[in-house]
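This report walks through one protein chain, from single residues to the whole fold. Keep the sequence and the model side by side while reading.

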Amino acid sequence: MSFRLKTILGIAAIEIVLLAILVVSGLHYLKTSNETELLRSGNVTARLFSTMIADAVVATDLATLDSLVTLTLRNDGLDYVRVRNIDGKVIAQGGAETALRANFKPDASIEDTLNDQRLDLSSAISVAGQKFGSVEIGLSTVRLETTFVEALKWMLSIAATEILLVAIFGLILGTLLTRQLARLRTGAKRVAAGEFGYQLDVKGKDELADTSTSFNSMSNALAKFARDVEEARRQAEARRDYAETVLQDALNSMPQGMVIVNDTDKVEFANTAFIRRYPGIDKIVEDQPNFVDLSTFTLSSIEVPSSIPADSTVEKRVERRLERLHAPQEYDHWESKHQNGQVLLNTQSQMRSGGVVIVENDITELTEANEKNRRLELELLQNEKMKSLGTLAGGTAHEFNNLLVPMISLTEMVMEDMDEESEERQDLERVIEAGLRAQGLIKQILSFSRAEKPEDIMDSETVETIDLGTVTLDALKLVQATTPSSVSLTHDINDGSFPVALPHGQLHQIVMNMVGNATHAIDGKIGTIHLSIRSEPIDPATAANHPGVSATNHACLKISDSGSGMDDETKNRIFEPFFTTKEVGQGTGMGLSVIHGIVSKANGFIAVDSVPGQGTDFEIYLPLTDESEVAEDLPLRAVNE
C-alpha cells in the first residue's frame with residue numbers, strides 16, 4: 001500500500017468517523033425532539049378536546065359531541081377520537097375503524113407505539129373539579145418515522161458527498177505530499193541498485209525538501225566511497241596478482257616438486273618441477289583433479305616399497321597414500337623411489353587453510369653418498385677384519401709349513417732304508433701323504449691371504465680379473481672342513497670359464513659367508529647346499545631396477561640350501577647392517593651387508609628367492625669381463641666326498 005493511499009484512507013477514515021458521530025447524534029436529537037414534541041402535542045390536543053366538549057358531555061348533547069369529534073378528526077395525524085361518560089360508556093367517537101376496534105391502552109412514551117405505530121392518549125373531562133368522563137385520542141406515528149427515515153437519507157447523502165469530496169481533496173493533497181517521497185523512493189532504489197551519486201530534483205523549502213537535500217549529499221558520499229573502494233579493490237587485486245605471480249614464479253623455480261591440496265582433496269597447484277618429474281601429468285593438473293586421480297597417475301612411476309607386497313594393486317597404494325594425506329602430523333615424511341632411479345624424500349605439512357602442501361626433494365645424490373659412506377665403513381671394517389684374519393692365517397700357515405717341510409724331508413730320508421713292502425714304510429707313506437695334504441691346505445690359506453708370508457697379505461681393495469669358478473672352488477676347499485657331516489655340500493662348477501673383476505679375497509669371503517649362512521639355515525639337520533655358476537644376459541627391465549647394472553652378459557653364482565627359508569619381512573631386511581636372525585652373541589649381522597656392498601661395488605646385484613620351510617636360493621650376478629663361453633657343465637659331485 002502506497003503512502004499516498006495510506007494518506008487518503010487515513011483522512012477518509014477520520015472524516016467517516018466524524019460524520020458518523022455527527023449523523024448519529026443529529027438523528028438521535030431529531031428523533032428525540034420529534035418524539036417529545038409529538039407526545040407533548042398529543043397531550044395538549046387531548047386536554048383541549050376534553051375542555052372543548054366538557055359542556056356537551058355535562059348536557060349530554062350528543063349531536064354537539066359528534067360534531068366536535070368530526071371537527072377534531074380533521075387535524076392531521078389523528079387516527080381516532082373517543083368520548084366516554086363517567087361510567088366509561090362511549091358516547092361519541094370517530095376515526096379509523098381498526099383503531100376504534102382495538103383495545104385502548106394509554107402510551108407513556110413513543111417506545112410503547114412500536115407495535116401499532118399509534119400514540120394512544122387520554123384526558124379527563126372535568127368541570128369545577130368534578131369528573132364527568134374522559135377523552136381518548138390516537139395520534140399516528142407513521143409521519144414521525146417517515147420524517148426520521150427521510151432525514152436519515154438526507155444526512156447519509158450529505159455524508160457520502162462529503163466523503164467523496166474529502167477523498168478527492170485527499171488524493172490531491174496526498175499526491176502533493178507524496179510526490180517528493182516518490183522521488184526519494186525512486187532515488188533510493190537507484191542508489192540501492194548501485195547508481196551511487198544519483199541526485200534528486202529538490203523543490204520547496206519544507207521538511208521533504210530538506211530530506212531530499214540530505215539524500216543528495218548521502219548519494220554523493222556513497223559515490224565517493226564507492227570510487228575509493230573500487231580503487232582500493234583494484235590496487236589490492238593488482239598487488240595480489242603480483243604476489244601470486246611472484247609466488248608462482250618462485251614455486252616454479254624450485255628444484256623440489258610441490259603440490260598443494262585443499263581441504264576437499266582437490267589439487268589446487270603443482271609446480272614445474274613436479275610436472276617435469278611425471279610427464280603427461282600437466283593435462284591432469286590443469287583440470288584441478290582429485291588427489292586420488294593425481295596419485296593414481298604418479299604412483300605408476302613410483303616403485304613399490306619393500307614394506308608392502310610387490311603385487312599390491314594401484315588402488316590399494318592410492319588408498320594408503322590418501323590415508324597419509326589425511327594424517328599429515330603422523331606421516332610428515334617418507335622416502336620413495338622413482339622408476340628413473342631418483343630417490344625422493346616426500347614431506348607434507350598442514351596449512352592454516354585446512355589443506356596440505358606436499359614437497360618432493362630429490363635426495364638421490366645424498367642417498368648415494370650415504371650409501372657410499374656406509375659401504376666404505378663396511379669395507380674398512382671388512383678390510384681390517386680380513387687383514388687381521390690374513391695375518392693370523394698367514395702366520396699360522398707359515399709356522400705349520402716350517403714344521404712340515406723338515407718333517408717330510410726327514411721321513412723321506414728314513415723311508416729310503418726301509419723295505420718298500422714293510423708295514424712301517426706304508427705307515428710313513430701315509431704320514432707323508434697327510435703332510436702333503438696339509439701343505440696343500442696351507443698353500444690355499446696363503447693363497448687366500450695372497451701372500452707366501454704374513455707381511456705380504458694383499459690389500460682387499462686391489463681389483464683384478466679372476467675366474468669365478470676357480471676362486472669359488474678354492475673357497476669351497478677351505479669351508480668343507482668346517483661343514484657338518486649332516487650337510488651335503490655339492491657343486492657343478494668348472495674353472496677357467498667366468499672371468500670377473502673382483503678382489504680375490506673378497507670373492508673368497510663371499511663364498512665362505514654364503515656357505516656359512518646356508519649351514520646355519522639348515523641348523524644341524526640333514527640337508528644340502530649346492531653351488532652352480534651360469535652365464536646369463538640381463539634384460540633392460542632388470543637392469544633398470546638395479547642402479548649401476550647394465551644390460552650385459554653376467555656370471556651368476558647360485559647358492560641353494562634346503563634350510564628353514566625366510567618370510568617376506570626377514571627377506572626384506574637381510575642386507576641391513578647388524579640385522580641377524582641368530583641369537584644374541586651368535587652373529588654380528590654384518591655378513592650379508594658386506595657381501596651386498598662388495599657385489600654392488602662391482603656393478604652386480606643379488607637376487608633372493610626363499611620359501612619358509614623349503615629353503616633359500618641366493619643368485620649373485622657379477623658382470624663378465626669378456627665374452628668367454630661357459631664351459632660344459634661337469635657332473636654333479638659332492639665336495640666333501
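A residue is called buried under 20% relative accessible area, exposed over 50%, and partly exposed in between. R40, with a relative accessible area of 44%, is therefore partly exposed. The model is a predicted one.

## Overall make-up

The protein chain has 641 residues, and 36% of them count as buried. Its secondary structure comes to 17 helices and 17 strands.

Taking contacts in the protein chain with a separation of 6 or more, 60% are between residues 24 or more positions apart. The chain exposes about 37,300 Å². Carbon and sulfur atoms supply 56% of that area.

## Salt bridges within helices

How many salt bridges does a search of the whole structure find? The search finds 14. Two of the pairs described here sit inside helices.

In helix α1 (residues 3-52), E37 and R40 are three residues apart, about one turn of the helix. Their side chains meet in a salt bridge, at 2.4 Å from N to O. R40 is partly exposed at 44%. E37 has 38% relative accessibility, so E37 is partly exposed too.

R233 and E237 form a salt bridge as well, with their closest N and O atoms 2.5 Å apart. Both belong to helix α6 (residues 207-253). They are four residues apart there, so about one helical turn separates them. R233 has a relative accessible area of 36% and is partly exposed. E237, at 30%, also counts as partly exposed.

## A buried pair

D120 is buried because its value is 4%. The cut-off behind both calls is under 20%. The two residues form a salt bridge, and their closest N and O atoms are 3.2 Å apart.

## A nonpolar patch on the surface

Six side chains make up a nonpolar patch on the surface: L164, L165, I168, F169, I172 and L176. Together they have about 610 Å² of accessible area.

F169 lies in helix α5 (residues 142-192). Its relative accessibility is 56%, so F169 counts as exposed.

Most residues other than glycine have a negative phi.

T60 has a phi near 50°, a positive value in a residue other than glycine. T60 is placed in the loop between α2 (54-58) and α3 (62-73). At 54% relative accessibility, T60 counts as exposed.

A128 is another residue other than glycine with a positive phi, near 55°. Where is A128 placed? A128 is in the loop between β3 (118-127) and β4 (130-140). The relative accessible area of A128 is 83%, so A128 is exposed.

## A buried glycine

G355 is found in the loop between β8 (343-350) and β9 (356-362). Its relative accessible area is 2%, so G355 is buried despite the loop setting.

Which residues does G355 contact, leaving aside neighbours within four places in sequence? They are V261, N262, D263, S349 and Q350. N262 is 93 residues away from G355 along the chain. The C-alpha atoms of G355 and N262 are separated by 3.9 Å.

## Two helices that cross

Two packed helices are described by the angle between their axes and the distance between the axes. Here the pair is helix α14 (residues 504-522) and helix α17 (residues 591-601). Their axes come within 10 Å and cross at roughly 140°. The crossing of α14 past α17 is left-handed.

Which residues meet between these helices? From α14 come Q506, I510, N513, M514 and N517. From α17 come G591, L592, I595, I598 and V599.

Methods
Residues are numbered from 1 along each chain as its sequence is written. This is a predicted model: local features need pLDDT of at least 70, side-chain atom pairs count only at pLDDT 80 or more; totals for chains, interfaces and linings use all residues. Side-chain values use heavy atoms; hydrogens and water are left out. A salt bridge is a side-chain nitrogen of Lys or Arg within 4 Å of a carboxyl oxygen of Asp or Glu. Buried means under 20% relative accessible area, exposed over 50%, partly exposed in between (1.4 Å probe, protein chains only). Patches are made of residues with over 30% relative accessible area and no salt bridge: like charges are joined within 9 Å, nonpolar side chains (Val, Leu, Ile, Met, Phe, Trp, Tyr) within 5 Å. Accessible areas come from the Shrake-Rupley method with a 1.4 Å probe; for residues, only the protein chains shown count as cover. Axes are lines fitted to C-alpha atoms, for helices over the stretch in contact, and angles run from 0 to 180 degrees between N-to-C directions. A crossing is left-handed if the near helix is turned anticlockwise from the far one by less than a right angle, and right-handed if clockwise. Contact means heavy atoms within 4.5 Å.
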